[in-house]
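Trainee: I am new to this structure. Can you take me through the terms used for it?

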Amino acid sequence: ARVRFGGDVTIPADEAVNNDVVVILGSAHIEGRVDGEVVAVGGSVYLGPKAEVKGSVTSVGGGIERAAGSRVGGEITEVRVSAPTFGPVVRVRPWRDWTWFANPFGATADLVGTLVRMGLIGLFAALLVAMVPGPVRRVADRVTTEPWRAGLVGLAAQILFVPLLVLTVVILAVSIIGIPLLLLVPFALVAVLIAFLLGFAGTGCALGQLIARRASGNAQGLLASLVVGLAIIWALPAIARFAGLAGLPAQLALSVVLLVGFLIEYLAWTVGLGAVILSRYGRRDRPQAGGFVPPPPAPDMPPGDVMPSVTL
C-alpha cells in the first residue's frame, strides 16, 4: 500500500495505483484510478470527476468530497470529530467554570454555567448510584482504602489516553480488516465517559461516608453520602461564583479560591478514574488483607485405626 505520514497525497488523472492509498495526518486527492482502498486519518478525501476507486473510501477526522462523475466500488465511511455544542445559541465551555478568567457575559453567566454543570454531573452520578449501587460501592471502597494508588493509576490513564487512542485509530486504519472497527471508537469514548462518571460518583460516596463516620461513627446510605461528598468537592467553586457577583475586585481576590477548587475537583476525577480501573469497572472487590486462609489439617490417626462406619 502507498502510505504517507503527514502531508497530502495526490493521484493525477493520468496515473493508476494498483494498491491501497493510506494518508495519516493529511488528505488524499484522487483524480485518477485506485485499484485498492483509500483511507485518510486526520484528513479528508477529495475525489475528482475522473476519479475511480475500486475499493472503499474512509475518512477519520475529516470529510469526503465527491465530484460528479467519480466512481467508488466499495463502501464510503466518514467519521467526523467535532467539538460538542448544546443548542444553536448557547455554547457550553466547561473550562470557564474552573478558571479565574472573566466571562464577557458577566459573573451571573459564570454562576449559572457552574450551577448547570454541577447539576448535570450530580444528576448522572445519582442515576449511577440508583441503577448500579454495587459497582459504585466497590469503587468507593477502592478510593477509601487505596487513594494514592488510585490517584497514580488515574493520572497515568489520563496521560496515556490520547496517545493510545491515536495509535489504535492509526493501526485500525492502516490494517484494512480493522477499518470497520473504527465505527466502535465512539462507543469506546462513551465507555470512558461512563468510567469518569462512575469514578466521580464513587469518590463522592467515599468522601461522604468518611465524613459521616467521623461525625457520628455510623455509615449512611450511598445517595446521602454522594450528596455530602459532592457538596464538599464543589464547595469552593460555588462559594467563589456567588461571591463573584460582588464585582471585579472580589473576582480578582477569589481567583485563588477557584484555582484550589479546580485542583480539588480534578483530584476527585483522577482518583475516581484510578479506582474504576483497579476495580475492573466496579466489578471486582478489594482483596482481603489476610489473603486466603487454608483449612486446618486433618488430625493424624494411629496406624491400624480405621474410620468408624455408620449404617443407616
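Trainee: Why is phenylalanine 124 called partly exposed?

Mentor: Buried means under 20% relative accessible area, exposed over 50%, and partly exposed in between, with a 1.4 Å probe and protein chains only. Phenylalanine 124 has 44% relative accessibility, so it counts as partly exposed. This is a predicted model, where local features need pLDDT of at least 70 and side-chain atom pairs count only at pLDDT 80 or more, while totals for chains, interfaces and linings use all residues. Residues are numbered from 1 along each chain as its sequence is written, and side-chain values use heavy atoms, with hydrogens and water left out.

Trainee: Where is phenylalanine 124 found?

Mentor: In helix 1. Helices (H or I, at least four residues) and strands (E, at least two) are DSSP runs, numbered from the N terminus.

Trainee: What makes a nonpolar patch on the surface, and which residues form it?

Mentor: Patch members have over 30% relative accessible area and no salt bridge; like charges are joined within 9 Å, nonpolar side chains (Val, Leu, Ile, Met, Phe, Trp, Tyr) within 5 Å. Here the members are Val112, Val116, Leu120, Leu123, Phe124, Leu127, Met131 and Val132. Together they have about 730 Å² of accessible area, by the Shrake-Rupley method with a 1.4 Å probe, where for residues only the protein chains shown count as cover.

Trainee: What makes a nonpolar core, and which residues of the largest one touch the most other members?

Mentor: A core is a set of buried Ala, Val, Leu, Ile, Met, Phe, Trp, Tyr and Cys residues joined through side-chain atoms within 4.5 Å. The largest has 30 residues, and Phe200, Cys205, Leu226 and Trp234 touch the most other members. Helices 1, 2, 4, 5 and 8 each supply at least two residues of this core. Another core, of 17 residues, lies apart from it and includes Val21 and Leu47.

Trainee: What is tryptophan 234 in contact with?

Mentor: Contact means heavy atoms within 4.5 Å. Leaving aside neighbours within four places in sequence, tryptophan 234 is in contact with Arg117, Met118, Ile121, Gly122, Phe200 and Glu265.

Trainee: What makes strand 9 and strand 12 a pair?

Mentor: Two strands pair if DSSP finds at least two bridges between them. Strand 9 and strand 12 have two bridges, in the parallel sense. The bridge partner of glutamate 52 is arginine 71. Both strands belong to an open sheet with the order 3-6-9-12. Strand 3 and strand 12 stand at the edges, each with a single partner strand, so one side of each is left without a neighbour in the sheet.

Trainee: Why is glutamate 146 called buried?

Mentor: Its relative accessible area is 19%, so it falls under the buried cut-off. Glutamate 146 forms a salt bridge with arginine 149, the closest N and O atoms being 3.0 Å apart. Arginine 149 is partly exposed, at 47%.

Trainee: How many salt bridges does a search of the whole structure find?

Mentor: Six. One of them joins aspartate 35 to arginine 33, at 2.9 Å.

Conventions: A salt bridge is a side-chain nitrogen of Lys or Arg within 4 Å of a carboxyl oxygen of Asp or Glu.
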